[in-house]
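Subject: Handing over a structure, with notes on what was found

Dear colleague,

I am passing on a structure for you to look through, and below it I have set out what was found. Please keep it open beside this email while you read.

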Amino acid sequence: MASLVMAVPVQSKKGNPAPGHGYPIGPVPFTSVKVTDDFWGQRLRASREVTIPLAFSKCEETGRYDNFVKAAHPSDTIKVTGFSFDDTDVYKTIEGASYILQTYPDKRLENYIDSVLVLVAAAQEPDGYLYTSRTMNPKHPHGWSGSKRWEKVEDLSHEFYNLGHMVEGAIAHYQATGKRNFLDIAIKYADCVCREIGDGPGQLARVPGHQIAEMALAKLYLATGDRKYLDQAKYFLDKRGYTSRKDKYSQAHIPVVEQDEAVGHAVRAAYMYAGMADVAALTGDSAYIKAIDRIWDNIVSKKYYITGGIGATSNGEAFGENYELPNMSAYCETCAAIGNVYVNHRLFLLHGDSKYYDVLERTLYNGLISGVSLDGGGFFYPNPLQSMGQHQRQPWFGCACCPSNICRFIPSLPGYVYAVNGNDVYVNLFMSNTADLDVNGKEVVLSQQTGYPWKGDISVTVDKNRAGRFAMKLRIPGWVRNMPVPSNLYTYSDNRRPGYKVLVNGKPAEGELTADGYYTIDRNWKKGDRVELALDMPVRTVRAHGKVAADRGMVAVERGPIVYCAEFADNDFDVLGAFINRSPEFTEKFEPETLEGIVRLSTDAQLLSYDDRGRVVAEDVRLNMIPYYAWNHRGRGNMEVWIAQDLSAARASLPPTLASMSKVDASCMEGALSSISDGLVPQDENDRSIPYYHWWPRKATTEWISYEFPDEQEVGSSTVYWYDDGPWGGCRVPQSWRLYYRDDAGEWRPVKGAGSYGVEKGSANKVMFDPVKTRAMKLEVRLPEDNSAGLFEWSVD
């Protein structure tokens, strides 16, 4: 769960009571909110019935559990495989299952988790150290682990990262079951870290390579009352930038309190910012708060996608430069979206301003839930804003951080709906639910009914009130107040002025919209009192700041909190060539049977294309749009969030070429094979804005692609644009390549008189050869010994 509050206080072995949550505003825990919502109920049900069982089964199939068994019986003959953080998939799945158990008690699931924890406990070393990638074979540990403990913890070992997820999962499990079998394991490992890491005699000065231990240790302090865990969390933050690791990728380039820009690996950054907020709340360190505020402002004003995603580039899964927000190559990792929710929730608890929930809501309804399919069984790692069919949700990943993170986040969602500060009760998210709140030690029970996000009508009923007078604070979303985000990064481009109404027991409310973005009603509430909030929900068009080069001359379309996209499945033309009207009018239709229920939008547009004489022509079309989160459920194809509205941004569908008219075959038919003949070539070796095809994870093999022409052609040249994502990715230019043609007997023959076969990445590698008449050509590629290879485009002439 994102917040620090503990639903069930944990007594430490010393008997210390757990302190409060530490924040000025108190989060209402997920255990106090029962969601009865149609929209989120479907997601929670999919998580319970599909996602979590799938994750547990994958832990079995992929050897995650076996790693603990091997660590309990170490041997120098065991070959350590996988990733050094594979243990965390087990911890995260247990965490998600624990949230589910709190709402849906299931003895069989509880017993299953206990059986897994037996394996985990057996793998723990006597002093508390628990890291299977080393313990199973101490002489020959995982290649990322180093020769001894903590040697590579600032690099790739993930020993502290594993601790962080272990603690998070253990506390959730204790909350749900009251059992200490997982919690005690986590405490032992945390104690081991506290003993061995620090500036004292015999200790090592180390900080996490991948952050999360900071927020987890702060939570463990709250769970146990043992101050050393909070001190350790603060040590990790204070020491960052002062050890051997000093780079932007890991946010260690300068001390954390001096940072003012979001840089480096987006997930690591978000987890660190969340940990800084936790430590600031618990220690009162204002320098931390000032630093997070500066970084947050940088994100929402320069590095935030309209879908709520963060992390622009696959190079390091990282934030890009200011205003660098490409669409097709947008990384927007699902884990980063979850981390962004964590950060904004904490900043709200610190400051009480609705702007943080405006950001949180946009991320939640768009770039976060897009990361998991509606049925709960498919996952995106990146969440791009444009596609040509090269993106597809997968049932699992070798690096499974995103699926297991979804496991733990979705069930924790009820904990984000409400918050309390003294007599103030915040209603932050809109979904049907019943909630049992503690207002100054007195019980208040509220029930919420709504058809959100499709309808803007929300009712909140006071079912019980022992607190007397309190202030109900209803968030009025930024999208109602004509602010898509709390900065000038995005602005509405239409002239609509949506409004809202608030009634109490059928009469206009006596309240006011305060500077923090909440409509506040302060009164003596009685059982049965009903508040009705009506939010206008027109379709809006959005423009990006002029410095966002990728979105110039384009508009995004949204309705309420939902961002829309145009997808191939709803349009019988190439949506990437669509050109929206200057003053578009939209029709709205609720379709309960489509994609678990959506509001579909339609508007007039034009399609630009080339005719058979090479002229650009325009055709009137009807453009259909669906919620962005629901794309890629009906096969592979083109999708776009930002639609051209200015001529400068319009793109005509490309005319056919010999390659695009050919039948494509390959040694590996997976991936975006169609991208090699789409006519799109990179601007340079670093261009990731267009699709590409690759042979990953194959290495040191000979692969091929072939074109079968519609009829016999005379061919005398060929051009290849190689894809190379070094140093971070696994593709490099090929070791070598050759061209073949098919003769009349059906045999492949090497072309004659060929010039140099170039391997310059991202550039045109053109080969001239003696012209041949043939019906097919083949590109044969020898992959590098230690990497795979790929290409953007292969043309023949």
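Predicted model: local features only at pLDDT ≥ 70, side-chain atom pairs only at ≥ 80, totals over all residues.

On the E8 side, strand E7 (residues 442-450) is joined to E8 (residues 457-465) by 7 bridges, and the two run antiparallel; one of the residues involved is Val445, whose bridge partner in E8 is Lys464. These strands belong to an open sheet of 7 strands with antiparallel pairing, in the order E2-E6-E7-E8-E15-E11-E12. At its edges are strand E2 (33-35) and strand E12 (507-508), each of which pairs on one side only.

Strand E26, made of residues 693-694, pairs with E31 in the antiparallel sense over 2 bridges, and Tyr693 has Leu791 of E31 as its bridge partner. E27 pairs with E31 as well, again antiparallel, over 6 bridges, and the bridge partner of Trp722 in E31 is likewise Leu791. Of the 7 residues of E31, 6 are buried, so this strand is largely enclosed by the rest of the structure.

The aromatic rings come next, and the count of aromatic pairs in the model is 42. In one of them, the ring centres of Tyr707 and Trp794 are 4.2 Å apart and the planes meet at 10°, so this pair is stacked; the reasoning rests on the cut-off that planes under 30 degrees apart count as stacked. Because Tyr707 lies in strand E27 (residues 702-723) and Trp794 in strand E31 (residues 790-796), the pair ties together parts that are 87 residues apart in sequence. Tyr707 and Trp794 are both buried.

The pair of Trp722 and Trp737 has its ring centres 5.5 Å apart and its planes at 75°, so it is edge-to-face. Trp722 lies in E27 and Trp737 in strand E28 (residues 736-742), so this pair ties together parts that are 15 residues apart in sequence, and each of these two Trp residues is buried.

Ring pairs also link Phe39, Trp40, Tyr365, Phe430, Tyr452, Trp454 and Tyr629 into a cluster. Elsewhere, charged side chains lie over rings: the charged end of Arg48 sits over the ring of Tyr104, 4.0 Å from its centre, and Arg149 lies over the face of Tyr129, at 4.0 Å from the ring centre.

Among the helices, H8 (residues 213-224) has 12 residues and reaches 16 Å from its first C-alpha to its last, which is close to the 16 Å expected at 1.5 Å a residue. Since 12 of the 12 residues of H8 are buried, this helix is largely enclosed by the rest of the structure. Its buried residues pack against H6, helix H7 (181-196), helix H9 (227-238), helix H10 (266-283) and helix H12 (334-351). Just after H8, Gly225 takes a positive phi of about 80°.

The largest nonpolar core has 232 residues, of which Tyr189, Met472 and Val641 touch the most other members, and its largest share, 14 residues, comes from H10. Leaving aside neighbours within four places in sequence, Val641 is in contact with Ile306, Leu385, Val555, Ala556, Val563, Tyr564, Cys565 and Tyr628. There is also a second, separate core of 30 residues, which includes Tyr757, Phe769, Leu779 and Ala789.

Last, His142 lies in the loop between helix H5 (132-135) and helix H6 (159-177), and is buried, with a relative accessible area of 8%. Not counting residues up to four places away in sequence, His142 touches Val80, Thr81, Gly82, Phe83, Ser84 and Ser133.

With best wishes

Notes. Residues numbered from 1 in each chain as written. Heavy atoms only, no water. Phe/Tyr/Trp six-rings, centres within 6.5 Å; stacked < 30°, edge-to-face > 60°. Helix = DSSP H or I, 4+ residues; strand = E, 2+ residues; numbered from the N terminus. Buried < 20%, exposed > 50% of the residue type's maximum accessible area, 1.4 Å probe, protein only. Lys NZ or Arg CZ within 6 Å of the ring centre and 35° of its normal. Contact = heavy atoms within 4.5 Å. Expected span 1.5 Å × (residues − 1). Core = buried A, V, L, I, M, F, W, Y, C linked by side-chain atoms within 4.5 Å. Pairing = 2+ DSSP bridges.
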